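Please take a moment to look over the sequence and the model together before reading on. The paragraphs below move from the surface to the overall fold, and then to the charged pairs.

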Amino acid sequence: MAANPEIAPMPDAASAKAPRHVAIIMDGNGRWAKARRLPRIAGHKQGVEAVRRVSKAAREQGIEVLTLYAFSSENWRRPDAEVSDLMGLLRHFLKHEIDDLVAENVRLRVIGDYRRLSRELVAMIDGAIARTATNTGATLVIALNYGAQAEIVAAARRLADAVSAGEIETTQIDGARFDAALETHGLPPLDLLIRTSGEYRLSNFLLWQAAYAELLFVDTLWPDFDGAALADAIDQFARRQRRFGGL
């Protein structure tokens, strides 16, 4: 059967047992800290440690792309002090972890409107992306000031501008072309999306990309998530039947 041009490319059933692209909504830092009567920043610090553990485990377990939801476009609604703490942790990560990414041959990619961040952070992000741009191993994608609805709207505007400029015809816009206009262009299709902390929603994360992804919601709070938890998630993924609309 011919592929449906109205949908984006997706993996074939034969390769469905091994996820190439895993995304995680890292949730539960605040509750982790509250349960221990610690300030929220303590939970966020432990969350950064979990990022380090899980990104390493993902590479060891053969995952090609790991996408982490670090800061959503809605997170600006949090108290100024907490946002400042989160930006400080991001600064620390960029300063101290990029050498390891370079050594591990990991390419860093950032999605979202990160240029809304401070000039210093934008420069650090751009520098980190440039330093790892030629790496050929796994890819670590960080979603910063990201919102899936805004991403979809921006893609639609880019295609509309291309039509207005006479670069393409309206009839040439299909699922594959729309997919290529998104910020995740060039990455493998999303196979598995995990959310920690027991919440059951996508929170405006990778809405287009998750159309045929397997969804897994776990009770573990993000600071407690580790390589073993990731391995269990991959095992659950492997036991699912992915038909992509077929039989």
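A residue is called buried when its relative accessible area is under 20%, exposed when that area is over 50%, and partly exposed in between, using a 1.4 Å probe and protein chains only. What you see is a predicted model, in which local features need pLDDT of at least 70 and side-chain atom pairs count only at pLDDT 80 or more, while totals for chains, interfaces and linings use all residues. Residues are numbered from 1 along each chain as its sequence is written, and side-chain values use heavy atoms, leaving out hydrogens and water.

The C-alpha atoms fill a box of roughly 55 × 45 × 35 Å along the principal axes. The radius of gyration, which is taken over C-alpha atoms and compared with a globule rule of 2.2 Å times the number of residues to the power 0.38, is 18 Å for the protein chain, and this agrees with the value near 18 Å that a compact globule of 247 residues would have.

The protein chain holds seven helices and six strands, where helices (H or I, at least four residues) and strands (E, at least two) are DSSP runs numbered from the N terminus. Along the sequence they follow the pattern β-α-α-β-α-β-α-β-α-α-β-β-α. The six strands form an open sheet with parallel pairing, in the order S3-S4-S2-S1-S5-S6; two strands count as paired if DSSP finds at least two bridges between them. At the edges are strand S3 (107–111) and strand S6 (214–217), each of which pairs on one side only.

Within this sheet, strand S1 (residues 21–25) runs parallel to strand S5 (residues 192–195), and four bridges join them. Ile24 stands opposite Ile194 in S5. If a contact means heavy atoms within 4.5 Å, then among contacts between residues at least 6 apart in sequence, 78% join residues at least 24 apart.

We can now turn to the charged side chains. Side chains of opposite charge can pair when their charged atoms come close. A salt bridge here is a side-chain nitrogen of Lys or Arg within 4 Å of a carboxyl oxygen of Asp or Glu, and a search of the whole structure finds 14 of them. In one of these, the side chains of Arg195 and Asp27 meet at 2.9 Å, N to O. Arg195 lies in strand S5 and Asp27 in the loop between S1 and helix H1 (29–35), so the pair ties together parts that are 168 residues apart in sequence. Both Arg195 and Asp27 are buried.

Another salt bridge joins the side chains of Glu49 and Arg52, at 2.6 Å from N to O. These two residues are three apart in helix H2 (residues 40–60), and are therefore separated by about one helical turn. Glu49 counts as partly exposed because its relative accessibility is 34%, and Arg52, at 28%, also counts as partly exposed.

Where does Arg239 stand, buried or exposed? With a relative accessibility of 55%, Arg239 counts as exposed. Its salt-bridge partner is Asp235, the closest N and O atoms being 3.0 Å apart, and Asp235 is partly exposed at 38%. Elsewhere, salt bridges that share partners join Asp27, Arg31, Arg195, Glu199 and Arg201 into one network.
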